[in-house]
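Have a look at the structure, then read on.

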There are 2 protein chains.
Amino acid sequence: MSGTPDKKRSATDVVVVGGGVIGMSIGWRAAQAGLAVTIAEAATAGSGATHAAAGMLAPVTEADFGEQDLIALNLAAAERFGPFAEELEAASGRPTGYRRAGTLAVAIDRDQAEALERMHRFRLSLGLEGERLSGRECRRLEPALAPRVLGGVLAPGDHHVDPRAVVYALRSALSAVGAELLEGAPVRELVTGDGRVLGVRLADGRELAADRIVIAGGASAGAIEGLPAEARVPVRPVKGQILRLRATAAGPQPLGRVVRTEDFYAVPREDGTLVVGATMEERGFDTTVTAGAVLDLLRYAYEVVPGIAELELAELGAGLRPTAPDNRPIVGDGALEGLVWATGHWRNGVLLAPLTAAAVAGLLTGQPLPYELEPFSPGRFARSPQPAGSASA
Amino acid sequence: MSGTPDKKRSATDVVVVGGGVIGMSIGWRAAQAGLAVTIAEAATAGSGATHAAAGMLAPVTEADFGEQDLIALNLAAAERFGPFAEELEAASGRPTGYRRAGTLAVAIDRDQAEALERMHRFRLSLGLEGERLSGRECRRLEPALAPRVLGGVLAPGDHHVDPRAVVYALRSALSAVGAELLEGAPVRELVTGDGRVLGVRLADGRELAADRIVIAGGASAGAIEGLPAEARVPVRPVKGQILRLRATAAGPQPLGRVVRTEDFYAVPREDGTLVVGATMEERGFDTTVTAGAVLDLLRYAYEVVPGIAELELAELGAGLRPTAPDNRPIVGDGALEGLVWATGHWRNGVLLAPLTAAAVAGLLTGQPLPYELEPFSPGRFARSPQPAGSASA
């Protein structure tokens, strides 16, 4: 899309700002496409929102009214996930924890049952797959469910993956393909000139020159310095608190697949972990674990799966979902030559990583954005720029 | 009570097995009395039950039917605590967190209110101090209490202390008085001969010779090796899970004094910590933090003090209360010359530490056991020895 600036040769073709699951996936795909890639991560790779993420891949169970283009995107992303995981496992020699186990959404009172039924009909009307089950049928699938579960809907195509395992695998895959992963390397600002990006300057003063900068910096992507106001995108953090329970001698892993209500979800892993999440909070850049959130999550989970009481409460945590004012992804070319955005993935960063990575690697090698991503380009904020955080609920 | 054995001079006068608040307090008092003292602690000093303990000093609020001799003991212990804390602070130059703030027991439903009233009358009949308060009066004292609090009883003489601060202070005081604190030094077995104790053997093979051995090893005191069966005492662990909340910008410290119901207690510290405990569980030597216990504690606390929801959930933990079959302390000479027991302190180890320490230091220097401790001597288990753990609920 543009040549190399006259003043200097780039030290690298692409700098990816942010080493979460999005940035690492982009780096891997871009390096596979033949580009020289450097990923600059402020802390440890995968230690931000990715570290907190449960890894649900749930285009059907997460499908909501009035979001047809987002549903189409999520479905396309889910289709890509299996091949992505297989390729990543082969490239890295590491597991990703990808499991095609389906997701069971249940209701424990009449309000929840009616809401679930409305949502089920809506999803069927879109041609999505789902099977309505009685309470007894739910308990046949998942014997740990409480007697109070009235019924549910099984989404056989909604799978899950272990985001921390994906990070480990991506770390190896990046290394194998020769991409550079800089950790503990916060980007202080973008370096621009002649109406285009020239590189980034790190907090320690080092400058990385590159023709292309991909900003995959999660919730802080909107605050990056060195950009003219019209080239920024509005991203805010939406806090999610999440728990990791662990099977014990007294309390075995109670679930075989993802179980959820409208209040919580529980994602089982084969190592005995049960991930229980997640709150949705507008609190700015705050990752404090609060008593109230832990109480809520445990209470919701206990009502549906009483056996969790005997599990170890092994880890408390919080992450910040990078969120646009319309809660939709921001992927595509920015308002400055050489600048690409890959943020705003909200609740679906893990699910969308393979699709976003392929799309961004495509942009970087001269291909157009795939049609599923067209509604989500950064350009939609160009006419009425909003400062980050202005759209808080 | 006996001379030095002929075969060797003791390397030290007294070995104290266990470096919790009991063992450290004994070591301090014994060294002050002129004895050469070595404390052998398996892990880090104060890292066991002491580390989990909330530090309530509540002879009145904990007074229960049919336990008059234990109540007398606890009252005597509470009287000693103020002077002990003052002396320890002076000797160490460190704070203990001792606060004379009183304890407010409240009721949030009619059953709890009736039980509280029965207990209040019983305690008044023993001459204990307590003031019955309406819900409104409770909220005047503690504005963070929920509207559903129906009433309460204020025990103005039930105070609290910070057990971790006490451990830090004892560490300095021990050093100042020349007592030796060995950490990471598990005792493998007692060394006996000629019908008396001769010392202890550590796990690393070292032998510490001493005329007197004080076993203050908490819940594992009953399992110590090298003792003839008739010289053992039955002690089992009673697990207590406990939470540490912490004030945040959004959630300040809600309480000014200890608040409790029959289900939980909350102990405020001036650094913004709120300690919420504790479960009572018969689980053997298990210190797993479970989802069910955290849920229960948070739910109980939230019902009474809704403001806890905004506090940080800063620490989860569990401790093992050393517990005799009759749930009463075991303090005094053992059934082997030179052997002294100081265990079984159950829920009251911090409260009883000053009194037990003074009594044991007295025994070691030829004084009789104080009368308050007479009902709690190890001899009560001599006629019908029970193996450790046999009295589990």
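A:Glu207 counts as partly exposed because its relative accessibility is 36%, in between buried (under 20% relative accessible area) and exposed (over 50%), with a 1.4 Å probe and protein chains only. Its side chain meets that of A:Arg201 in a salt bridge (3.2 Å, N to O), meaning a side-chain nitrogen of Lys or Arg within 4 Å of a carboxyl oxygen of Asp or Glu. This is a predicted model, where local features need pLDDT of at least 70, side-chain atom pairs count only at pLDDT 80 or more, and totals for chains, interfaces and linings use all residues. Side-chain values use heavy atoms, leaving out hydrogens and water.

**Salt bridges**
- A search of the whole structure turns up 50 salt bridges over all chains.
- In chain A, the side chains of A:Glu87 and A:Arg29 pair up at 2.9 Å, N to O.
- That pair links distant parts of the chain, 58 residues apart: A:Glu87 sits in helix α3 (residues 68-92) and A:Arg29 in helix α1 (residues 21-32).
- A:Arg29 is buried at 17% relative accessible area, while A:Glu87 is partly exposed at 34%.

**Helices** (DSSP runs of H or I, at least four residues, numbered from the N terminus)
- Eleven of the twelve residues of α1(B) are buried, among them B:Trp28 and B:Arg29.
- Just after α1(B), B:Gly34 takes a positive phi of about 100°.
- The buried residues of α7(A) include A:Leu295, A:Leu297 and A:Leu298.

Note on methods
Residues numbered from 1 in each chain as written. Chains lettered and ligands numbered in written order. Helix = DSSP H or I, 4+ residues; strand = E, 2+ residues; numbered from the N terminus.
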